Amino acid sequence: TTRQSNVFTSGNNYWVVHTFANRCFNIDTFRVADGGPMLTIGNNTISFCNTDSALVTATATPTGGNYLWNTGEATSNIYIKNTGVYSIKYTATNGCYLSKSVQAVVKPLPYANLGRDTSLCTYENIILNAFYPNANYLWNTGETTSNITVRDSALYTVATTLNGCSVRDTILVGRKITPVVDAGADATILAGGTVKLKALQDIKNANYLWYPSAYIDKPTIYNPFATPPTTSFIYLKVTSVDNCVAVDTLLITVKDFLLDIPNAFSPNGDGINDTWVINLLSSYIYSKIQVYNRYGQLVYNNTGYEKAWDGNSNGKPLPVGTYYYIIEPGFGRQVRTGWVAILK
């Protein structure tokens, strides 16, 4: 008996034909299957910003096998935080395995540092600088430059972006305490005379400085005396407790020595000529004024003339009559004498 076997194939399918005697034969079939698994992990390269991480997920068929990353993790997915090559080996239940890898690139972050919070005087400004090479900028003010100049009290924020990665920084710009400055009203004095200055006081103020200092007896107090030789501007600089500065001025007009001394006044309470007003005599702060009655008795005696005489002596009204005065202006000025009448 002659025996013969032949094998026929089509793809992964196989047929075996076994022929024996007189056209008799047997046929058997079998299929050769690929036992290797399939494995995917997405893109071959991934990139992310330095503060971020990337989730990489491996998907395998058939399922049920084991995963092992070169990081030592044995899960189907991992979070990647650093630049490098990450590979995974998947072993199917039939013992076949397959490996894949991904290249991770961490993009550097730009740098943003606006400095510490600060405060400004009302006349000050500050440049906020967020420069980083090749970066883009967006401030909460809407500006897109690397630096901005600000003077207002506010919270300022910048977003600095490079290659799609952004960082933010914030600075609070506050307002320093501003001094309160008021040098007072303009004044007029007689030549050689003196005027008492008086700045407005406030708890916000720390220091006072009057100048030209040559005209001021104590330039660093709030109420000094000024003796300018000619008509002059006097300046006052006030520094606040936060070291901010403000300035005010006043004009002191200096007139030639000429005392205009009235020879009558009427202290009757009608609001008209109730006092003996001697214009600008108060500018001679060391002047002496004496008034006598017709009997030679002293009824008024004063140094300086800040407040005009109201016709009283020792707190009591003097009678109508004629009185005699001696005025010594001082500073080498001529003594003036004469009479003044008290009327009702």
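Keep in mind that the model is predicted.

Let's start with the cysteines. How many disulfides does a search of the whole structure find? It finds two.

One of them joins Cys-49 to Cys-165, with an S to S distance of 2.0 Å. The torsion about that S-S bond is about -95°, so this disulfide is left-handed. Where do the two cysteines lie? Cys-49 is in strand E5, residues 45-49. Cys-165 is in strand E17, residues 165-175. The pair therefore ties together parts that are 116 residues apart in sequence. Both Cys-49 and Cys-165 are buried.

Now the link between Cys-121 and Cys-244. Their sulfur atoms are 1.9 Å apart. The link has -90° about the S-S bond and is left-handed. Here the partners lie in loops. Cys-121 is in the loop between strand E12 (118-120) and strand E13 (126-129). Cys-244 is in the loop between E22 and strand E23 (245-255). So this pair ties together parts that are 123 residues apart in sequence. Are these two buried or exposed? Cys-121 has 1% relative accessibility, so it counts as buried. Cys-244 also has 1% and counts as buried.

On the pairing pattern: number the bonded cysteines of the protein chain in sequence order, and you get 1-3, 2-4. One more cysteine to mention is Cys-96. Its relative accessible area is 28%, so Cys-96 is partly exposed.

Next, the aromatics. The whole-structure search finds eight aromatic pairs. I'll show two of them.

Take Tyr-211 and Tyr-235. Their ring centres are 5.5 Å apart and their planes are at 15°. Why does the pair count as stacked? Because planes under 30 degrees apart count as stacked. Tyr-211 lies in strand E20, residues 205-211, and Tyr-235 in strand E22, residues 232-240. So the pair ties together parts that are 24 residues apart in sequence. Tyr-211 is at 31% relative accessibility, so it counts as partly exposed. Tyr-235, at 33%, also counts as partly exposed.

Now Trp-276 and Trp-309. The ring centres are 6.1 Å apart and the planes are at 70°, so this pair is edge-to-face. Both tryptophans lie in loops. Trp-276 is in the loop between strand E24 (264-265) and strand E25 (288-292). Trp-309 is in the loop between strand E26 (298-303) and strand E27 (312-313). The pair therefore ties together parts that are 33 residues apart in sequence. Both Trp-276 and Trp-309 are buried.

Lys-89 lies over the face of Tyr-97, at 4.3 Å from the ring centre. Lys-196 lies over the face of Phe-225, at 4.4 Å from the ring centre.

Last stop: Ser-287. This serine lies in the loop between E24 and E25, and that loop also holds Trp-276. At 0% relative accessibility, Ser-287 counts as buried. What lies 2.9 Å from a polar atom of its side chain? The backbone oxygen of Tyr-284. Leave aside neighbours within four places in sequence, and Ser-287 is in contact with Leu-281, Asn-302, Thr-303, Gly-304, Tyr-305, Glu-328 and Pro-329.

That's the tour. Thanks.

How values were computed:
Residues numbered from 1 in each chain as written. Predicted model: local features only at pLDDT ≥ 70, side-chain atom pairs only at ≥ 80, totals over all residues. Heavy atoms only, no water. Phe/Tyr/Trp six-rings, centres within 6.5 Å; stacked < 30°, edge-to-face > 60°. Helix = DSSP H or I, 4+ residues; strand = E, 2+ residues; numbered from the N terminus. Buried < 20%, exposed > 50% of the residue type's maximum accessible area, 1.4 Å probe, protein only. Lys NZ or Arg CZ within 6 Å of the ring centre and 35° of its normal. Polar contact = N/O pair within 3.5 Å; in protein donor to acceptor, adjacent residues only side chain to side chain. Contact = heavy atoms within 4.5 Å. Disulfide = S-S within 2.5 Å.
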